[in-house]
Amino acid sequence: MFSRILVANRGEIALRVIRACHDLGIEAVAVYSEADRGAPYLDAADERICIGPAPAAESYLNIPRLISAAEVSDAQAIHPGYGFLSENAHFAQVCRDCHIEFIGPPPEAMNRLGNKNQARKLAQSAGVPVVPGSEGLIEPGRDVTALARQIGYPVLIKAAAGGGGRGMRVVRDEASLQDAISSARQEAEAAFKDGSIYMEKYIERPRHIEVQLLGDRHGNVIHLWERDCSLQRRHQKLVEESPAPNLPDEVRRAICESAVRLAREAGYYSAGTCEFLLAQDYSFYFIEVNARIQVEHPVTELVTGVDLVREQIRVAANQKLRYRQEDIVSRGHAIEARINAEDPAANFRPSPGLITRWYPPGGPGIRLDTHACAGYRVPPNYDSLVAKLLVHQPTRDEALAVMRRALAEFVVEGIRTTIPIHREIMANEEFAAGRVDTTFLERTWLRPE
Ligand code: MV4
(Lines give C-alpha, C1' and ligand atoms only; values in the text may rest on other atoms or scores of the structure.)
Protein backbone atom coordinates (compact mmCIF):
# COMPACT_ATOMS: atom_id res chain seq x y z
CA MET A 1 0.00 0.00 0.00
CA PHE A 2 1.16 3.57 -0.68
CA SER A 3 2.67 5.68 2.07
CA ARG A 4 2.10 9.03 0.29
CA ILE A 5 -0.44 10.14 -2.31
CA LEU A 6 -0.41 13.43 -4.20
CA VAL A 7 -3.89 14.92 -4.60
CA ALA A 8 -3.90 16.63 -8.00
CA ASN A 9 -7.02 18.69 -7.47
CA ARG A 10 -8.51 21.40 -5.30
CA GLY A 11 -11.53 22.27 -3.18
CA GLU A 12 -14.01 19.76 -1.82
CA ILE A 13 -12.75 16.77 -3.82
CA ALA A 14 -9.17 17.42 -2.70
CA LEU A 15 -10.35 17.38 0.91
CA ARG A 16 -12.37 14.23 0.22
CA VAL A 17 -9.30 12.42 -1.12
CA ILE A 18 -7.11 13.69 1.76
CA ARG A 19 -9.65 12.21 4.20
CA ALA A 20 -9.67 8.85 2.39
CA CYS A 21 -5.86 8.79 2.52
CA HIS A 22 -5.86 9.47 6.25
CA ASP A 23 -8.54 6.83 6.85
CA LEU A 24 -6.10 4.37 5.24
CA GLY A 25 -3.10 5.63 7.22
CA ILE A 26 -1.60 7.22 4.09
CA GLU A 27 -0.02 10.67 4.02
CA ALA A 28 -1.57 13.21 1.63
CA VAL A 29 0.30 15.84 -0.35
CA ALA A 30 -1.88 18.74 -1.51
CA VAL A 31 -1.09 21.00 -4.43
CA TYR A 32 -2.39 24.51 -4.81
CA SER A 33 -2.25 27.45 -7.20
CA GLU A 34 -1.67 31.03 -6.10
CA ALA A 35 -5.47 31.51 -6.19
CA ASP A 36 -5.84 28.82 -3.51
CA ARG A 37 -2.91 29.89 -1.34
CA GLY A 38 -3.97 29.87 2.31
CA ALA A 39 -7.26 28.02 1.69
CA PRO A 40 -8.17 26.39 5.02
CA TYR A 41 -8.72 22.90 3.52
CA LEU A 42 -5.01 22.73 2.62
CA ASP A 43 -4.21 22.48 6.33
CA ALA A 44 -5.74 18.99 6.34
CA ALA A 45 -2.88 17.74 4.15
CA ASP A 46 0.47 16.53 5.48
CA GLU A 47 2.35 18.65 2.96
CA ARG A 48 1.38 21.49 0.60
CA ILE A 49 3.12 22.39 -2.65
CA CYS A 50 2.43 25.49 -4.75
CA ILE A 51 2.36 24.41 -8.40
CA GLY A 52 1.85 27.76 -10.07
CA PRO A 53 -0.31 30.79 -10.75
CA ALA A 54 -4.12 30.82 -10.84
CA PRO A 55 -4.73 29.82 -14.48
CA ALA A 56 -5.45 26.07 -14.50
CA ALA A 57 -3.18 25.60 -17.54
CA GLU A 58 -0.26 26.77 -15.38
CA SER A 59 -1.28 24.80 -12.30
CA TYR A 60 -3.92 22.06 -11.98
CA LEU A 61 -3.70 21.16 -15.67
CA ASN A 62 0.10 21.40 -15.83
CA ILE A 63 1.42 17.83 -16.12
CA PRO A 64 5.16 18.58 -15.65
CA ARG A 65 4.42 20.56 -12.50
CA LEU A 66 2.19 17.85 -11.04
CA ILE A 67 4.75 15.13 -11.79
CA SER A 68 7.53 17.27 -10.27
CA ALA A 69 5.43 17.83 -7.15
CA ALA A 70 4.89 14.08 -6.83
CA GLU A 71 8.62 13.41 -7.25
CA VAL A 72 9.87 16.05 -4.81
CA SER A 73 7.34 14.88 -2.21
CA ASP A 74 8.07 11.16 -2.74
CA ALA A 75 4.44 10.40 -3.52
CA GLN A 76 4.00 6.89 -4.93
CA ALA A 77 0.58 7.69 -6.45
CA ILE A 78 -1.52 10.56 -7.75
CA HIS A 79 -5.28 10.91 -7.31
CA PRO A 80 -6.69 13.28 -10.00
CA GLY A 81 -10.13 13.81 -8.46
CA TYR A 82 -12.68 14.89 -11.10
CA GLY A 83 -12.41 17.50 -13.84
CA PHE A 84 -8.89 18.83 -14.65
CA LEU A 85 -6.73 15.85 -15.74
CA SER A 86 -8.95 13.09 -14.30
CA GLU A 87 -9.90 11.72 -17.76
CA ASN A 88 -6.69 12.68 -19.55
CA ALA A 89 -5.21 9.45 -20.93
CA HIS A 90 -1.91 11.20 -21.67
CA PHE A 91 -1.56 12.20 -18.00
CA ALA A 92 -2.33 8.64 -16.90
CA GLN A 93 0.34 7.41 -19.33
CA VAL A 94 2.92 9.95 -18.11
CA CYS A 95 2.29 8.79 -14.52
CA ARG A 96 2.83 5.21 -15.65
CA ASP A 97 6.04 6.16 -17.49
CA CYS A 98 7.29 7.95 -14.35
CA HIS A 99 6.44 4.93 -12.15
CA ILE A 100 3.82 6.92 -10.28
CA GLU A 101 0.53 5.06 -9.81
CA PHE A 102 -2.42 6.89 -11.39
CA ILE A 103 -5.46 6.34 -9.15
CA GLY A 104 -8.02 5.81 -11.88
CA PRO A 105 -8.63 3.70 -14.99
CA PRO A 106 -5.83 2.68 -17.39
CA PRO A 107 -5.13 5.00 -20.34
CA GLU A 108 -6.15 2.24 -22.75
CA ALA A 109 -9.66 2.12 -21.29
CA MET A 110 -9.86 5.92 -21.25
CA ASN A 111 -8.97 6.05 -24.94
CA ARG A 112 -11.42 3.27 -25.85
CA LEU A 113 -14.30 4.91 -23.98
CA GLY A 114 -13.43 8.54 -24.66
CA ASN A 115 -14.15 8.18 -28.38
CA LYS A 116 -17.95 8.31 -28.93
CA ASN A 117 -17.93 5.98 -31.93
CA GLN A 118 -15.59 3.42 -30.30
CA ALA A 119 -17.64 3.53 -27.11
CA ARG A 120 -20.81 2.93 -29.13
CA LYS A 121 -19.27 -0.08 -30.87
CA LEU A 122 -18.03 -1.46 -27.52
CA ALA A 123 -21.54 -1.08 -26.13
CA GLN A 124 -23.07 -2.89 -29.10
CA SER A 125 -20.60 -5.78 -28.79
CA ALA A 126 -21.44 -5.96 -25.06
CA GLY A 127 -25.15 -6.18 -25.86
CA VAL A 128 -25.79 -2.76 -24.32
CA PRO A 129 -28.62 -0.80 -25.98
CA VAL A 130 -27.51 2.30 -27.90
CA VAL A 131 -29.73 4.94 -29.45
CA PRO A 132 -30.75 3.88 -33.01
CA GLY A 133 -28.67 6.04 -35.31
CA SER A 134 -26.38 6.54 -38.26
CA GLU A 135 -23.75 3.96 -37.12
CA GLY A 136 -20.93 6.46 -37.50
CA LEU A 137 -20.52 9.87 -39.08
CA ILE A 138 -22.74 11.31 -41.80
CA GLU A 139 -20.33 11.80 -44.66
CA PRO A 140 -21.16 14.49 -47.24
CA GLY A 141 -23.24 12.97 -50.04
CA ARG A 142 -24.87 10.32 -47.84
CA ASP A 143 -28.65 9.92 -48.42
CA VAL A 144 -29.70 11.54 -45.13
CA THR A 145 -33.36 11.52 -46.15
CA ALA A 146 -33.40 7.73 -46.35
CA LEU A 147 -31.38 7.51 -43.10
CA ALA A 148 -33.84 9.74 -41.22
CA ARG A 149 -36.80 7.74 -42.58
CA GLN A 150 -35.11 4.52 -41.44
CA ILE A 151 -34.45 5.93 -37.92
CA GLY A 152 -37.87 7.61 -37.70
CA TYR A 153 -38.61 11.24 -36.78
CA PRO A 154 -37.86 13.08 -34.61
CA VAL A 155 -34.12 12.66 -35.17
CA LEU A 156 -31.23 14.41 -33.44
CA ILE A 157 -28.18 15.71 -35.28
CA LYS A 158 -25.12 15.65 -33.00
CA ALA A 159 -21.62 17.03 -33.45
CA ALA A 160 -19.09 14.21 -33.01
CA ALA A 161 -16.65 16.64 -31.39
CA GLY A 162 -19.42 18.18 -29.28
CA GLY A 163 -20.41 17.20 -25.79
CA GLY A 164 -22.58 18.41 -22.96
CA GLY A 165 -25.40 19.03 -25.42
CA ARG A 166 -23.44 21.49 -27.57
CA GLY A 167 -24.06 21.26 -31.32
CA MET A 168 -27.29 19.21 -31.03
CA ARG A 169 -30.25 19.82 -33.34
CA VAL A 170 -33.70 18.23 -33.20
CA VAL A 171 -35.36 17.63 -36.60
CA ARG A 172 -39.08 16.76 -36.51
CA ASP A 173 -39.88 16.47 -40.21
CA GLU A 174 -38.27 15.82 -43.56
CA ALA A 175 -38.82 19.39 -44.84
CA SER A 176 -36.32 20.81 -42.32
CA LEU A 177 -33.74 18.00 -42.53
CA GLN A 178 -31.33 19.29 -45.17
CA ASP A 179 -31.06 22.80 -43.65
CA ALA A 180 -30.51 21.28 -40.21
CA ILE A 181 -27.73 19.01 -41.52
CA SER A 182 -25.83 21.80 -43.26
CA SER A 183 -26.22 24.30 -40.40
CA ALA A 184 -25.20 21.65 -37.84
CA ARG A 185 -22.09 20.86 -39.88
CA GLN A 186 -21.20 24.57 -40.15
CA GLU A 187 -21.80 25.16 -36.44
CA ALA A 188 -19.68 22.13 -35.48
CA GLU A 189 -16.86 23.32 -37.74
CA ALA A 190 -17.02 26.80 -36.20
CA ALA A 191 -17.33 25.63 -32.58
CA PHE A 192 -15.12 22.52 -32.52
CA LYS A 193 -12.97 22.89 -35.65
CA ASP A 194 -14.50 19.57 -36.64
CA GLY A 195 -17.67 19.46 -38.75
CA SER A 196 -18.24 15.74 -38.21
CA ILE A 197 -21.86 15.01 -37.36
CA TYR A 198 -24.00 11.95 -36.80
CA MET A 199 -27.72 11.23 -36.47
CA GLU A 200 -29.71 9.48 -33.74
CA LYS A 201 -33.33 8.85 -32.87
CA TYR A 202 -34.35 11.78 -30.63
CA ILE A 203 -35.46 10.55 -27.20
CA GLU A 204 -38.17 12.95 -26.02
CA ARG A 205 -37.80 14.27 -22.46
CA PRO A 206 -35.32 11.62 -21.33
CA ARG A 207 -34.23 10.96 -17.78
CA HIS A 208 -30.49 10.76 -17.05
CA ILE A 209 -29.71 7.55 -15.19
CA GLU A 210 -26.11 6.63 -14.42
CA VAL A 211 -24.61 3.49 -12.90
CA GLN A 212 -21.70 3.54 -10.45
CA LEU A 213 -19.04 0.99 -11.36
CA LEU A 214 -16.04 -0.32 -9.46
CA GLY A 215 -13.45 -2.67 -10.91
CA ASP A 216 -10.12 -4.08 -9.78
CA ARG A 217 -7.03 -5.09 -11.74
CA HIS A 218 -7.89 -8.80 -11.45
CA GLY A 219 -10.90 -8.78 -13.79
CA ASN A 220 -13.58 -8.14 -11.15
CA VAL A 221 -16.22 -5.50 -11.94
CA ILE A 222 -19.32 -4.71 -9.91
CA HIS A 223 -22.03 -2.06 -10.00
CA LEU A 224 -23.18 -0.07 -7.01
CA TRP A 225 -26.67 0.63 -8.36
CA GLU A 226 -27.88 3.76 -10.10
CA ARG A 227 -28.24 7.51 -9.60
CA ASP A 228 -30.90 9.72 -11.19
CA CYS A 229 -29.21 12.95 -12.36
CA SER A 230 -32.03 14.35 -14.50
CA LEU A 231 -32.26 17.68 -12.70
CA GLN A 232 -29.73 19.68 -14.70
CA ARG A 233 -29.31 23.20 -15.99
CA ARG A 234 -27.45 23.54 -19.31
CA HIS A 235 -25.96 20.05 -18.75
CA GLN A 236 -24.72 20.98 -15.29
CA LYS A 237 -26.18 18.67 -12.65
CA LEU A 238 -27.87 20.36 -9.72
CA VAL A 239 -29.55 17.48 -7.85
CA GLU A 240 -28.77 13.76 -7.85
CA GLU A 241 -30.47 10.93 -5.99
CA SER A 242 -30.51 7.17 -5.51
CA PRO A 243 -32.48 5.00 -5.99
CA ALA A 244 -34.00 6.58 -9.11
CA PRO A 245 -37.66 7.29 -8.24
CA ASN A 246 -40.43 5.46 -10.13
CA LEU A 247 -38.00 3.04 -11.81
CA PRO A 248 -39.25 -0.57 -11.98
CA ASP A 249 -36.78 -3.00 -10.38
CA GLU A 250 -36.42 -5.07 -13.56
CA VAL A 251 -35.40 -1.92 -15.49
CA ARG A 252 -33.02 -0.94 -12.69
CA ARG A 253 -31.34 -4.35 -12.84
CA ALA A 254 -31.15 -4.37 -16.63
CA ILE A 255 -29.48 -0.95 -16.70
CA CYS A 256 -26.96 -1.86 -13.98
CA GLU A 257 -26.12 -5.23 -15.53
CA SER A 258 -25.62 -3.54 -18.92
CA ALA A 259 -23.12 -1.16 -17.35
CA VAL A 260 -21.11 -4.04 -15.89
CA ARG A 261 -21.04 -5.82 -19.28
CA LEU A 262 -19.73 -2.66 -20.93
CA ALA A 263 -17.05 -2.13 -18.28
CA ARG A 264 -15.86 -5.71 -18.73
CA GLU A 265 -15.79 -5.31 -22.52
CA ALA A 266 -13.66 -2.18 -22.11
CA GLY A 267 -11.21 -3.74 -19.65
CA TYR A 268 -12.16 -1.04 -17.19
CA TYR A 269 -10.97 -0.80 -13.58
CA SER A 270 -11.20 1.76 -10.74
CA ALA A 271 -14.33 3.84 -10.16
CA GLY A 272 -16.35 4.89 -13.19
CA THR A 273 -19.87 5.76 -14.23
CA CYS A 274 -21.93 4.55 -17.16
CA GLU A 275 -24.52 7.11 -18.35
CA PHE A 276 -27.86 6.19 -19.92
CA LEU A 277 -30.86 7.98 -21.36
CA LEU A 278 -34.12 6.57 -20.00
CA ALA A 279 -37.12 7.14 -22.29
CA GLN A 280 -40.66 7.65 -21.02
CA ASP A 281 -41.48 4.03 -21.97
CA TYR A 282 -38.54 2.80 -19.80
CA SER A 283 -36.40 1.84 -22.77
CA PHE A 284 -32.82 2.88 -22.03
CA TYR A 285 -29.80 3.74 -24.14
CA PHE A 286 -26.09 4.02 -23.36
CA ILE A 287 -24.66 7.49 -23.97
CA GLU A 288 -21.20 7.62 -22.41
CA VAL A 289 -18.80 6.48 -19.68
CA ASN A 290 -17.26 8.91 -17.20
CA ALA A 291 -13.87 7.38 -16.48
CA ARG A 292 -13.38 9.08 -13.09
CA ILE A 293 -14.84 9.50 -9.64
CA GLN A 294 -17.77 11.91 -9.98
CA VAL A 295 -18.98 14.88 -7.98
CA GLU A 296 -22.07 12.93 -6.95
CA HIS A 297 -20.26 9.79 -5.73
CA PRO A 298 -21.38 10.37 -2.08
CA VAL A 299 -24.99 9.61 -3.09
CA THR A 300 -23.91 6.04 -3.79
CA GLU A 301 -21.65 5.91 -0.72
CA LEU A 302 -24.64 6.73 1.48
CA VAL A 303 -27.05 4.09 0.13
CA THR A 304 -24.43 1.32 -0.19
CA GLY A 305 -22.05 2.13 2.69
CA VAL A 306 -19.05 1.75 0.35
CA ASP A 307 -16.27 4.36 0.51
CA LEU A 308 -15.58 4.70 -3.23
CA VAL A 309 -12.44 6.83 -2.91
CA ARG A 310 -10.88 4.42 -0.42
CA GLU A 311 -11.72 1.52 -2.80
CA GLN A 312 -10.11 3.41 -5.68
CA ILE A 313 -6.90 3.70 -3.67
CA ARG A 314 -6.99 -0.02 -2.78
CA VAL A 315 -7.53 -0.94 -6.45
CA ALA A 316 -4.60 1.27 -7.48
CA ALA A 317 -2.47 -0.62 -4.94
CA ASN A 318 -3.41 -3.79 -6.88
CA GLN A 319 -5.73 -5.13 -4.21
CA LYS A 320 -8.72 -7.25 -5.18
CA LEU A 321 -12.21 -5.82 -4.62
CA ARG A 322 -13.43 -6.52 -1.08
CA TYR A 323 -16.99 -6.82 -2.36
CA ARG A 324 -18.86 -9.37 -4.45
CA GLN A 325 -21.89 -8.14 -6.41
CA GLU A 326 -24.27 -9.77 -3.93
CA ASP A 327 -22.68 -7.72 -1.12
CA ILE A 328 -23.84 -4.44 -2.67
CA VAL A 329 -27.24 -3.74 -1.16
CA SER A 330 -28.87 -0.32 -1.57
CA ARG A 331 -30.51 0.85 1.65
CA GLY A 332 -32.73 3.92 2.08
CA HIS A 333 -32.75 6.97 -0.14
CA ALA A 334 -30.08 9.65 -0.66
CA ILE A 335 -30.39 13.06 -2.29
CA GLU A 336 -27.58 15.51 -3.09
CA ALA A 337 -27.98 19.25 -3.70
CA ARG A 338 -25.00 20.99 -5.27
CA ILE A 339 -24.34 24.31 -3.51
CA ASN A 340 -22.63 26.51 -6.11
CA ALA A 341 -21.36 30.07 -5.70
CA GLU A 342 -23.81 31.29 -8.32
CA ASP A 343 -26.80 33.63 -8.26
CA PRO A 344 -29.98 31.86 -9.50
CA ALA A 345 -31.75 35.24 -9.58
CA ALA A 346 -29.12 36.51 -12.03
CA ASN A 347 -29.26 33.58 -14.44
CA PHE A 348 -26.76 31.63 -12.28
CA ARG A 349 -24.06 34.23 -12.73
CA PRO A 350 -20.89 33.16 -10.80
CA SER A 351 -20.66 34.81 -7.38
CA PRO A 352 -17.10 34.41 -6.06
CA GLY A 353 -15.84 36.36 -3.05
CA LEU A 354 -15.45 36.33 0.72
CA ILE A 355 -17.84 34.17 2.73
CA THR A 356 -18.71 36.35 5.72
CA ARG A 357 -21.15 33.95 7.38
CA TRP A 358 -21.37 30.16 7.09
CA TYR A 359 -23.92 28.32 9.22
CA PRO A 360 -24.18 24.72 7.92
CA PRO A 361 -27.01 22.28 8.66
CA GLY A 362 -26.50 19.11 10.70
CA GLY A 363 -28.32 16.36 12.50
CA PRO A 364 -29.31 12.77 11.68
CA GLY A 365 -28.72 11.64 8.11
CA ILE A 366 -26.99 14.81 6.89
CA ARG A 367 -23.59 14.87 5.16
CA LEU A 368 -21.92 18.09 3.99
CA ASP A 369 -18.87 17.68 1.76
CA THR A 370 -17.26 21.10 1.59
CA HIS A 371 -13.97 22.96 1.75
CA ALA A 372 -15.66 26.26 2.54
CA CYS A 373 -16.15 28.07 5.84
CA ALA A 374 -16.64 31.63 7.14
CA GLY A 375 -13.63 33.66 6.09
CA TYR A 376 -12.96 31.53 3.00
CA ARG A 377 -12.66 33.51 -0.24
CA VAL A 378 -14.18 31.67 -3.22
CA PRO A 379 -11.77 32.30 -6.12
CA PRO A 380 -13.25 33.29 -9.51
CA ASN A 381 -10.85 31.04 -11.44
CA TYR A 382 -12.42 27.60 -11.14
CA ASP A 383 -15.80 25.84 -11.04
CA SER A 384 -18.31 27.31 -8.63
CA LEU A 385 -19.03 24.26 -6.43
CA VAL A 386 -18.57 25.17 -2.77
CA ALA A 387 -20.46 22.37 -1.03
CA LYS A 388 -22.49 19.21 -1.57
CA LEU A 389 -25.39 18.87 0.83
CA LEU A 390 -26.52 15.25 1.12
CA VAL A 391 -29.33 13.64 3.02
CA HIS A 392 -29.81 9.90 3.63
CA GLN A 393 -33.07 8.60 5.10
CA PRO A 394 -35.10 5.35 5.02
CA THR A 395 -37.53 6.69 2.41
CA ARG A 396 -37.53 9.37 -0.30
CA ASP A 397 -40.28 11.32 1.46
CA GLU A 398 -38.21 11.42 4.66
CA ALA A 399 -35.12 12.41 2.66
CA LEU A 400 -37.10 15.25 1.07
CA ALA A 401 -38.35 16.44 4.45
CA VAL A 402 -34.85 16.46 5.97
CA MET A 403 -33.40 18.14 2.86
CA ARG A 404 -36.02 20.91 3.13
CA ARG A 405 -35.14 21.39 6.81
CA ALA A 406 -31.39 21.35 6.09
CA LEU A 407 -31.73 23.93 3.30
CA ALA A 408 -33.84 26.10 5.61
CA GLU A 409 -31.07 26.00 8.23
CA PHE A 410 -28.19 26.62 5.81
CA VAL A 411 -27.02 30.26 6.06
CA VAL A 412 -24.33 31.60 3.72
CA GLU A 413 -23.56 35.33 3.46
CA GLY A 414 -21.02 37.30 1.43
CA ILE A 415 -21.65 35.31 -1.74
CA ARG A 416 -24.82 34.23 -3.58
CA THR A 417 -25.48 30.49 -3.78
CA THR A 418 -27.90 28.00 -5.32
CA ILE A 419 -29.52 27.38 -1.90
CA PRO A 420 -32.66 29.40 -2.80
CA ILE A 421 -33.37 27.41 -5.96
CA HIS A 422 -32.82 24.14 -4.09
CA ARG A 423 -35.43 25.27 -1.56
CA GLU A 424 -37.86 25.83 -4.47
CA ILE A 425 -36.98 22.51 -6.13
CA MET A 426 -37.52 20.55 -2.90
CA ALA A 427 -40.91 22.28 -2.49
CA ASN A 428 -41.98 21.52 -6.07
CA GLU A 429 -44.71 18.88 -6.32
CA GLU A 430 -43.43 17.45 -9.64
CA PHE A 431 -40.05 16.90 -8.03
CA ALA A 432 -41.66 15.52 -4.86
CA ALA A 433 -43.60 13.03 -7.02
CA GLY A 434 -40.37 11.90 -8.68
CA ARG A 435 -41.59 13.00 -12.11
CA VAL A 436 -38.45 14.86 -13.24
CA ASP A 437 -36.78 14.52 -16.62
CA THR A 438 -33.90 16.48 -18.17
CA THR A 439 -36.26 19.23 -19.38
CA PHE A 440 -37.74 19.85 -15.91
CA LEU A 441 -35.77 22.92 -14.93
CA GLU A 442 -36.12 24.77 -18.25
CA ARG A 443 -39.86 23.96 -18.36
CA THR A 444 -40.44 24.95 -14.75
CA TRP A 445 -38.07 27.81 -13.99
CA LEU A 446 -35.55 28.95 -16.43
CA ARG A 447 -35.96 31.49 -19.18
CA PRO A 448 -34.92 29.86 -22.51
CA GLU A 449 -31.29 30.81 -23.24
C1 MV4 B 1 -29.69 12.87 -26.38
C2 MV4 B 1 -30.97 13.36 -25.97
C3 MV4 B 1 -32.09 12.87 -26.61
N4 MV4 B 1 -31.99 11.97 -27.63
N5 MV4 B 1 -29.62 11.96 -27.38
C6 MV4 B 1 -27.02 15.87 -23.86
C7 MV4 B 1 -25.58 15.79 -23.50
C8 MV4 B 1 -25.11 14.45 -23.86
N9 MV4 B 1 -24.50 13.81 -22.69
C10 MV4 B 1 -26.28 13.66 -24.30
N11 MV4 B 1 -27.42 14.57 -24.27
C12 MV4 B 1 -28.59 14.19 -24.80
N13 MV4 B 1 -28.56 13.29 -25.79
C14 MV4 B 1 -30.75 11.55 -28.00
N15 MV4 B 1 -30.67 10.65 -29.00
C16 MV4 B 1 -31.02 14.29 -24.91
C17 MV4 B 1 -29.83 14.72 -24.35
C18 MV4 B 1 -29.92 15.71 -23.27
C19 MV4 B 1 -29.52 15.36 -21.97
C20 MV4 B 1 -29.00 14.10 -21.69
C21 MV4 B 1 -28.61 13.81 -20.38
C22 MV4 B 1 -28.72 14.78 -19.38
C23 MV4 B 1 -29.22 16.02 -19.67
C24 MV4 B 1 -29.64 16.34 -20.96
C25 MV4 B 1 -30.15 17.61 -21.26
C26 MV4 B 1 -30.54 17.90 -22.54
C27 MV4 B 1 -30.42 16.94 -23.56
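Because the model is predicted, local features need pLDDT of at least 70 and side-chain atom pairs count only at pLDDT 80 or more, while totals for chains, interfaces and linings use all residues. Residues are numbered from 1 along each chain as its sequence is written, and side-chain values use heavy atoms, with hydrogens and water left out. Helices (DSSP runs of H or I, at least four residues) and strands (runs of E, at least two) are numbered from the N terminus.

**Ligand surroundings**

- The ligand is surrounded by 17 residues, where a residue counts as near if one of its heavy atoms lies within 4 Å of the molecule.
- Lys158, Glu200, Lys201, Ile203 and His235 are the closest of these.
- A ligand nitrogen atom lies 2.8 Å from an N or O atom in the Glu200 side chain.
- For the side chain of Lys158, an N or O atom is 3.1 Å from a nitrogen atom of the ligand.
- Ile203 takes part through its backbone, with a polar atom 2.9 Å from a nitrogen atom of the ligand.

**Ser196**

- Ser196 sits in the loop between helix 7 (177–192) and strand 8 (197–201).
- Its side chain makes a polar contact with the side chain of Asp194 at 2.5 Å; a polar contact is a pair of N or O atoms within 3.5 Å, and within protein one must be able to donate a hydrogen and the other to accept it, with residues adjacent in sequence counting only if both atoms are side-chain atoms.
- Leaving aside residues up to four places away in sequence, Ser196 touches Leu137, Lys158, Ala159, Ala160 and Ala161, contact meaning heavy atoms within 4.5 Å.

**Helix packing**

- Two packed helices are described by the angle between their axes and the distance between the axes.
- Axes are lines fitted to C-alpha atoms, for helices over the stretch in contact, and angles run from 0 to 180 degrees between N-to-C directions.
- Helix 5 (residues 116–125) packs with helix 8 (residues 249–266) at about 115 degrees, their axes being 9 Å apart.
- These two helices are therefore roughly perpendicular to each other (angles of 65 to 115 degrees).
- Leu122, Ala123 and Ser125 of helix 5 make the contact with Leu262, Glu265 and Ala266 of helix 8.
- The residues of that contact comprise four nonpolar, one polar and one charged; Ala, Val, Leu, Ile, Met, Phe, Trp, Tyr, Cys and Pro count as nonpolar, Asp, Glu, Lys and Arg as charged, and the others, Gly among them, as polar.
- Helix 1 (residues 11–23) and helix 10 (residues 308–316) pack at about 65 degrees, with axes 9 Å apart.
- From helix 1, Arg16, Val17, Ala20, Cys21 and Asp23 meet Leu308, Val309, Arg310 and Ile313 of helix 10.
- The contact of helix 1 with helix 10 divides into six nonpolar, no polar and three charged residues.

**Backbone features**

- The Tyr153 to Pro154 peptide bond is cis, with omega near -5 degrees, and Pro154 is in the loop between helix 6 (144–151) and strand 6 (155–159).
- A cis peptide bond also runs from Ser242 to Pro243, with omega near -5 degrees; Pro243 is in the loop between strand 11 (236–242) and helix 8.
- His99 is not a glycine but has a positive phi of about 60 degrees, and is found in the loop between helix 3 (89–97) and strand 5 (101–102).

Terms used:
Angles under 35 degrees count as roughly parallel, over 145 as roughly antiparallel, 65 to 115 as roughly perpendicular and the rest as oblique.
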